[in-house]
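Colleague: Could we go through this structure together? I would like to begin with the overall layout and then turn to particular residues.

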Amino acid sequence: GGVWSPIFDASRTELKKGEYYWPVAVTDKELLAVRAREGETPAPQPRPLCVPVQLVAPVLHGDTPNGKTEEQIMRSHIALLEDTMNGATDTSVLRAQGRTDRLLLSLFQSACAYERQARALDICSLLHLEKSLKIAVMIADKQQLTDLADRVQEMQEERAAEAEVVAENMEVETMVPTSRTVKEPDEENTMFADMDRASSKKRKQSSSRSMALMESKPKRRAMEVGGTQLPSSHPIFPDEKGSANGTKDSP
């Protein structure tokens, strides 16, 4: 959940009475727009002329030096947030933080000159870099604001301790071994594997039933003739050396 921040005030531009800006594009410094009269819409053909208009955020006392600096800080802070959200490189983010801190230190120096220590401390809370906090301590010492310098020094130490804790947590996370991820087969291979397992299971069950039936059958089964069961020694059963009638085979 973000918030909307105004970055352009058309009343502070050189618009004539009865004119307005039709926005076309916007950068971190300028608004590209078409100047049109009220009640009219710029025609797409022929292509109208776009004019660059400097972005000016609405701030109190925007005409004073400090007001202009605050306006630049506001736009720089919004651009920094946009770069961070869009996944900008660490180098570009550090440069943007440095530009913003330079503007903040200018306000901090002005607040120290007028001995507005509460405002100076609020400005220090907006600084991004540790180097900027060290410079703020030097500025406060130069202005002989010992209490302010001590408060800024405490703020610097607290941030350094927080950064150290974050670094330790990152080291612990890198030392913990990650579990091996098993590559899941796709749907088609899974279906064929299930079919192969089912077919193999059916073949094993069929083979087991056949073996059980073969083991349950006797080597010689008695034959029934006229409803009477004949013993296995009856002449109708051939023996190993004789024929069906019980006689030996002639040579």
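**Layout and details**

Modeller: Along the sequence, the protein follows the pattern β-β-β-α-α-α-α-α-α-β-β. Helices (H or I, at least four residues) and strands (E, at least two) are DSSP runs, numbered from the N terminus. This is a predicted model, in which local features need pLDDT of at least 70, side-chain atom pairs count only at pLDDT 80 or more, and totals for chains, interfaces and linings use all residues. Residues are numbered from 1 along each chain as its sequence is written, and side-chain values use heavy atoms, with hydrogens and water left out.

Colleague: How many helices and strands are there in the protein?

Modeller: The protein has six helices and five strands.

Colleague: What angle do α1 and α2 pack at?

Modeller: Helix α1 (residues 65-85) and α2 pack at about 155°, and their axes are 10 Å apart. Axes are lines fitted to C-alpha atoms, for helices over the stretch in contact, and angles run from 0 to 180 degrees between N-to-C directions. The two helices, α1 and α2, are therefore roughly antiparallel to each other; angles under 35 degrees count as roughly parallel, over 145 as roughly antiparallel, 65 to 115 as roughly perpendicular and the rest as oblique.

Colleague: And how many residues does α2 have?

Modeller: Helix α2 (residues 90-113) has 24 residues and reaches 34 Å from its first C-alpha to its last, close to the 34 Å expected at 1.5 Å a residue. That expected span is 1.5 Å times one less than the number of residues. After α2 comes Glu-115, with a positive phi near 55°.

Colleague: Changing topic: how many disulfides does the structure hold?

Modeller: The structure holds zero disulfides, a disulfide being a pair of cysteine sulfur atoms within 2.5 Å. Cys-112 is in no disulfide, and the nearest cysteine sulfur, that of Cys-124, is 7.3 Å away.

Colleague: Is Cys-112 buried or exposed?

Modeller: Cys-112 counts as buried because its relative accessibility is 2%. Buried means under 20% relative accessible area, exposed over 50%, partly exposed in between (1.4 Å probe, protein chains only). Cys-50, at 34%, counts as partly exposed.

Colleague: How many aromatic pairs does the count come to?

Modeller: The count comes to one aromatic pair. Phe-8 and Tyr-21 form an edge-to-face pair, 6.1 Å centre to centre with 70° between the planes. Rings of Phe, Tyr and Trp (its six-membered ring) pair if their centres lie within 6.5 Å; planes under 30 degrees apart count as stacked, over 60 as edge-to-face and the rest as tilted.
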